[in-house]
Amino acid sequence: MIRNKVVLITGASGEMGHSLIQRLSEAGNSSIITIDLQPLDPGVRDRVTKEFTGSILEDHLLQRILAEFEIDTIFHLAALLSTRSEFTPITAHQVNVEGTLKLLNFAQAQGESHARPVTFIYPSSIAAYGMKSVEFKNRVGAVKEHEWNMPTTMYGCNKLYCEHLGRYFTENFKQLAAEKLSGKVDFRAIRFPGLISAETVPSGGTSDYAPEMIHAAAKTEPYACFVKPQTRIPFMAMPDAVEAILRLAAAPREDLTQTVYNITAFNPSAAEVHDLVLKGFPDAQITYEPDVKRLEIVESWPADVDDSAARADWAFAPKYDLESAFSDYLIPRIRERYRD
Ligand code: AKB
């Protein structure tokens, strides 16, 4: 029986999904299928082989995909982000944990059916960390993957636990491969910092203040920032985030010394982001109205992360630093986007 070989993207309508579809289809060597509750943006719809509208929690959807397609790689982007997850923690657990477990099990069934491991790319987050205090996080600086794994949010707990679930499935795979049985799941995770995209505005996250500030300025709307001027976490530009997941997916398994990797590009304070926004949009009206709960979440995330393992193992190298992310990517692209 012949099934079509494809790459599966879950949560494909989200901010990273659109950029990933564009990059994969431009590279031209993979057919793409997607799952999301929301329909894909018309701008990317014709780039995918098949779009499934529905939830990753629906077994019949996964069964249909299993019957029709042979999947090499899964980019599992579907998740409820950190702020939204605090409002609906049980739903967050269902989507973020039970959804990921279903997908891992699905990957295992795929791997068994074509006797090759399925590469499973999982975007984790700096939310997996929990720093004791602002003073402490600023003092310790860049944290390594194994340090301060004490998340304070439901989303952070979900991400950290799913990293372990993925490692469990992969160790199973390594053991089976050593015994020359069929391979199953090859799980690889990136702990992303806050992401800033020129194309989309995120929703439901807590690092959203930086992209919201820039997009509001471009639309000449006032913006009240929900963290303090001195609040600091790591960030990166969306094209570098997409390049990173593609690079990790393509890395030879034997080069990977861990299943979870930090990556980052810059770590400005909110005031430093504000200054760069003013350079591009001098009339921007930005004020600070910290939201106690959201500020507390951001303050529990590290001020910086150590990404030396990603740089050494799979040559992670972001193109944009803080200045060039604004001057060469964000300001020109966002200005273009809102031009009337
Ligand atoms: C969020 O704010 O929830 C995400 C993240 C840092 O994982 N952007």
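How many cavities of 30 Å³ or more does a search of the whole structure find?

A: The search of the whole structure finds 1 cavity of 30 Å³ or more, a cavity being a set of points on a 1 Å grid over the protein atoms alone where a 1.4 Å probe fits but cannot get out. The model is predicted, with local features needing pLDDT of at least 70 and side-chain atom pairs pLDDT 80 or more, while totals for chains, interfaces and linings use all residues. Residues are numbered from 1 along each chain, and side-chain values use heavy atoms, without hydrogens or water.

The largest cavity holds about 30 Å³ of space, and its lining (atoms within 4 Å of a point) consists of Asp240, Glu243, Ala244, Arg247, Phe316, Ala317 and Pro318. By class, this lining has 4 nonpolar, no polar and 3 charged residues.

The ligand has its own surroundings, made up of Leu81, Ser82, Ser125, Ile126, Tyr155, Gly205, Thr206, Ser207 and Trp301, where a residue counts if a heavy atom lies within 4 Å. This shell has 4 nonpolar, 5 polar and no charged residues. Because domain 1 (5–195 + 235–262) and domain 2 (196–234 + 265–303 + 320–337) both give residues to the shell, the ligand lies between them.

Technical notes:
Nonpolar A, V, L, I, M, F, W, Y, C, P; charged D, E, K, R; others polar. Domains from an automatic or database assignment. 1 Å grid on protein atoms, 1.4 Å probe; cavity = no way out; pocket = protein on both sides within 12 Å on 5 of 7 lines; lining within 4 Å. Points joined across faces, edges and corners; volume = space filled by probe spheres on them.
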